[in-house]
Every structure is written in structure tokens, then in C-alpha cells.
Amino acid sequence: MNYQTRKLLSSRLRRALRWEFWPLWAFYPPIIAWICLLGIRHRNLLLFTAANPGMDAGGLIDLDKFANLDAIQSEHPDYVAKTFKVTSLFECKKALEENKHVLGYPVILKPNSGQRGIAVEIIRNHEQLENYFSRHSNQTSLLQEYVDGLEFGVFYMREPDQTHGRIFSINQKLFPEVVGNGVDTLEKLILNDPRQHYMAEYLLKLHSERLQEIPAENQSIKLVEIGSHCRGSVFIEASAQITQELQERIDVISKVIPGYYFGRYDLRVPSIKDMRQGKNLKILEANGVSSESANIYDPSYGLIDAYGIMFKQWQSAFRIGAKNQAQGHSPASFRQVLTNWSRINRG
């Protein structure tokens with residue numbers, strides 16, 4: 001058994017012992033049970049879908065991400081990454097050409113209704129652009145400005161009977177990286193890193209063409225540039241960054257999205273100072289009722305901590321849904337949810 005195989009087996013064993021890397025089927029049963037209990041209490045298992053009456057099924061499945069971003073672009077263009085909806089390579093090239101004064105490589109391409117970072121890619125040239133559409137020709141995609149900086153997930157809630165909302169939680173996304181020592185190859189640095197070996201199988205494949213490179217001493221190599229937990233980004237609790245200025249900014253932005261009371265923003269910002277002042281924010285996504293308060297993935301949080309946060313989150317979703325229902329907004333039906341589920345799986 002060679003060195004790489006031993007390390008991969010070791011990483012898989014250690015990964016299995018860390019709840020944040022558990023497969024969805026292992027983590028979610030208690031949450032599903034809690035949702036069912038809340039549904040029984042409220043006499044409607046899908047009442048939470050009324051939490052965002054402006055979205056199809058509250059944004060549970062098959063969320064139209066562009067609709068939310070476009071609403072922000074119309075009212076607060078400085079606070080959102082420039083985004084265009086395209087359905088083909090031709091439309092994408094046309095959008096790039098017509099907006100070349102504000103949009104150029106690198107750019108982001110991702111599904112309009114995707115989840116968990118699936119099919120999200122940084123595109124750096126025409127060849128990568130054509131390759132992306134050759135693999136994802138059957139989806140409606142978002143062509144988005146690439147924004148550098150620190151990335152955060154900001155979970156927002158607003159009670160329908162209140163004027164102002166609040167930030168429920170913030171997590172900061174730290175992109176995985178290794179630091180060279182002038183001796184070891186990139187492959188060995190990944191396998192020996194106390195954090196990156198958990199994602200070794202994915203990272204080795206991602207960087208397969210440069211694994212034998214030997215980074216210089218103290219040279220930092222960023223392994224991932226997409227802020228997704230399933231791609232190895234580390235999510236840390238960052239609620240200390242919540243300020244009155246930030247809450248006011250997020251609240252103002254949220255109110256331009258029709259019927260938006262509950263969900264998570266993914267955004268980038270140049271610095272912590274800007275974040276705390278609510279300045280220079282660039283929203284990448286505005287997600288709906290299926291969002292997670294992603295601070296649950298903080299490595300310092302235990303399983304009980306994570307469940308406690310998720311239970312509070314879903315309790316709030318049902319409460320907000322109930323208040324919206326009282327104002328005349330109907331929750332989604334099971335048929336509607338199943339139709340959306342079928343549609344996104346076909347896509």
C-alpha cells in the first residue's frame with residue numbers, strides 16, 4: 001500500500017469521526033423529526049413554506065436565484081455581484097460582449113436553481129466557458145461577476161408583523177490552503193495537512209495536473225476559491241461581526257425582494273471593517289427557506305450545538321410562516337413541492 005493510499009484511508013476514517021463531514025442521511029433525521037413535530041403542532045407540515053410568500057414554495061426547492069438577485073440589482077446595484085441569466089453558450093457570450101465594460105474574466109457560472117455549490121465554477125477564458133456549457137447545456141445558468149474578498153453567510157429573519165428584521169447568525173468562510181516548505185510536493189502538503197486531508201480525495205483530483213509541484217517555502221497555495229462546505233471551505237462562527245449598521249443594511253436590502261422574510265445571504269466584502277460598517281457588500285446569492293444557518297459547521301461546535309441552532313431556525317420558519325398565513329399567504333402544497341423536486345432532478 002503506497003503513501004497516498006494510506007493517507008486517503010486515514011483521512012476517510014478521521015472524516016467519519018467528524019460530524020460536520022457526515023453524509024446528509026446521517027445528520028438530518030433528528031431535524032426532519034423536529035420539522036414533523038412542528039408541523040403537527042401547527043397542523044400543517046409545510047407551513048414553513050409560507051415564510052417567504054414571494055418565492056415558489058418559500059424557496060424550499062428549485063429556487064429562482066436570479067429573481068432575488070435581480071430585485072436587488074434594480075434597487076441597490078452597488079450591493080450585489082452583477083448577474084445575468086443565460087440559457088446557452090451563445091447567450092453567455094453575448095452577455096459578456098454587451099457588458100464587457102463591467103464584466104470580464106474571471107467570471108462565475110452556476111445553475112440558477114442549484115444547491116450546495118454543485119456546478120459552480122470559476123471561468124477564466126473562452127475555452128473553459130465552452131467546456132462548462134458542453135457539460136451543463138440543459139440548465140439555466142447564472143453568469144456572475146467574480147468578486148474577490150472575504151466571504152460570509154448571513155442568515156436573516158424578519159417577523160411579518162414587525163418593521164425591521166434581524167441577523168440570526170453569521171459564518172465566515174475560510175478557503176482551504178496549504179503553505180509550502182520548499183521540499184514537499186503539493187500532493188504531500190495536502191495529504192499531511194491536519195485539515196485538508198479530510199478533503200484529500202477531492203483536492204487531489206482538483207489539482208491533479210500540479211500535484212508534483214514543490215511550492216516555495218512560505219508560499220501559500222489556495223486550494224479552493226468557491227465558498228462551499230462540500231468543497232473544503234471551513235465555516236466559522238462570526239456573529240461577533242453583527243453590528244447595528246450591518247443589520248440595517250441587510251434589512252434595507254431584504255425589503256426589496258418581494259415577500260422575503262427568511263433566508264441566508266452569501267456575500268463577499270473587502271474587509272472585516274467594511275463588514276461591520278455594512279459597506280461595500282457584494283451579495284452573491286439570496287437563498288430561501290431551505291437555507292442553513294451555516295455556523296453549525298464551525299469545527300468548535302459539537303453535534304448538540306448544531307442541532308440546537310437548527311431547531312431554533314426551523315421553529316422560526318414555522319412561526320414566520322404562521323404569521324404570513326394569518327395575513328392571507330398560503331403554504332405550498334405537497335403536489336407543488338413534489339413538482340419542484342421532480343423538475344430540479346430532471347435538470
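Colleague: Where does N218 lie?

Modeller: N218 lies in the loop between α8 (200-206) and β8 (220-222). Helices (H or I, at least four residues) and strands (E, at least two) are DSSP runs, numbered from the N terminus. This is a predicted model, where local features need pLDDT of at least 70, side-chain atom pairs count only at pLDDT 80 or more, and totals for chains, interfaces and linings use all residues. Residues are numbered from 1 along each chain as its sequence is written, and side-chain values use heavy atoms, leaving out hydrogens and water.

Colleague: What is the phi of N218?

Modeller: About 70 degrees, a positive value, although N218 is not a glycine.

Colleague: Is N218 buried or exposed?

Modeller: Buried means under 20% relative accessible area, exposed over 50%, partly exposed in between (1.4 Å probe, protein chains only). N218 has 62%, so it is exposed.

Colleague: Which loop holds R43?

Modeller: The one between α3 and α4 (65-75). R43 is not a glycine either, yet its phi is positive, about 65 degrees. R43 is exposed too, at 79%.

Colleague: How do I read a nonpolar core?

Modeller: Take buried Ala, Val, Leu, Ile, Met, Phe, Trp, Tyr and Cys residues, joined through side-chain atoms within 4.5 Å. Here the largest such core has 33 residues. I31, F48, F262 and W314 have the most contacts inside it. α11 (303-326) is one of the elements that supply at least two residues. With eight residues, α11 gives the most to this core.

Colleague: Which peptide bond is cis?

Modeller: The one joining Y105 and P106, with omega about -5 degrees. P106 is found in the loop between α5 (89-98) and β2 (107-111).
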